[in-house]
Amino acid sequence: MTSAPLESFLAPLLAAARGADAVAVAAVRGGERLVARRGAAGPGTRFETGSLTKTYTALLLAELAARGEVRYDDPVDRYLPRRVPGPPITLLHLATHTSGLPRLPPGLVTRSARHAWFSNPYAGFSAADLMAALPRTRLHHAPGTHVRYSNYGAGLLGHALARAAGGGAEEGDYAGLLAERVLVPLGLTDTDCDPLRPQATGHWRGRPRPPWLIPALPAAGALRTSGRDLLRLLTALLTPPVTGPPSLRAALQDVQRPRLALPRTGRRLCLIWNLRPRAGRPLFHHSGGTRGFTAFAGFLPGSGTAVAALANTSPTPLAPFVQAAYGTLCALDASVAGDVADHGVGELPGGGREGRPLAGGPAHVQ
């Protein structure tokens, strides 16, 4: 069977980002690699990734676990100056959205945050505010019993990892640790959490937005990256590099191991990544958005295919760009495996519908 060139798959995806004037999309198919761009996007143009940041946090967690610096069943309280009232929350609970924590920490949605809701709602909430919120937090359910999507939980995970790697120091540096353990070893030179480095200008309803600031929860949504860097990451997930730290090679595989089975769906949760079975093969995906950007990444190790998509416009309710990226990934997989592409995903920006509590709770996959 002769496969169509990668350009033919990516051209419709470039056009799917309505309202964006900078778009970067990329694909992997076996030994083929391609980055395509539209508008103001250059080879190294950086885009905000929003909740796609969480997949990098998951990789950092797996890297520390591979080194023996943390264990997945460690209580997060071990690495924080204050504890959350209630039953212990583990690092694995945070990485699978089963902690019971609310989506946002108490005290974040203040009058100033509401005023800045469509520009920078997190900007005025500091790391000190986050720690002060811990003892005021009330869990929605017992840890490990339901899946409830939580930016709060992912942000706490980043703080815990930074403090664990720093030997329990009062102030951990998530961005610096991520760079040291993940970004630099993988050669991701366009990728970091710095809002001051040049990046594309985000847009919401056609209006420019300021750079996204999330000082208290960088592990949940502060990362910026380019199309070429996101392609490098997906390539490493498909085929972990033979060089570099053994702990990172192990982590690239460990983030793909299913941790939870979602009742009645056949879907799984890994460390942050969503796993959707497709013709007996695992399809991993996650999306993200800020007030000015939309991002998607997905890959299928079984067929050696992957798709990355970045646009400088905020997500819309029906998420046509995310849906198109998912459909492109399925079409690429079908071009290799020879089966029928599944274009219906139902995935929403920021991580998806797994934020809804699941009756009966998830079953753990050993």
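Buried here means under 20% relative accessible area, exposed means over 50%, and partly exposed is in between, with a 1.4 Å probe and protein chains only. L13 is buried, at a relative accessible area of 0%.

This is a predicted model, where local features need pLDDT of at least 70, side-chain atom pairs count only at pLDDT 80 or more, and totals for chains, interfaces and linings use all residues. Residues are numbered from 1 along each chain as its sequence is written, and side-chain values use heavy atoms, with hydrogens and water left out.

Now the chain as a whole. Of its 366 residues, 57% count as buried. It has eleven helices and 13 strands; these are DSSP runs numbered from the N terminus, helices being H or I of at least four residues and strands E of at least two.

Back to L13, which lies in helix α1, residues 6-15. Which residues does L13 touch, not counting those up to four places away in sequence? They are V25, V307, A309, F321, A324, A325 and T328, where contact means heavy atoms within 4.5 Å. L13 and A324 are 311 residues apart along the chain, yet their C-alpha atoms are separated by 6.0 Å.

Next, the nonpolar cores, meaning sets of buried Ala, Val, Leu, Ile, Met, Phe, Trp, Tyr and Cys residues joined through side-chain atoms within 4.5 Å. The largest has 83 residues, and L59, L61, L186, L271 and W273 have the most contacts inside it. Helix α6, residues 151-165, gives the most to this core, with eight residues. A second, separate core of 28 residues includes L13, A319, L329 and C330.
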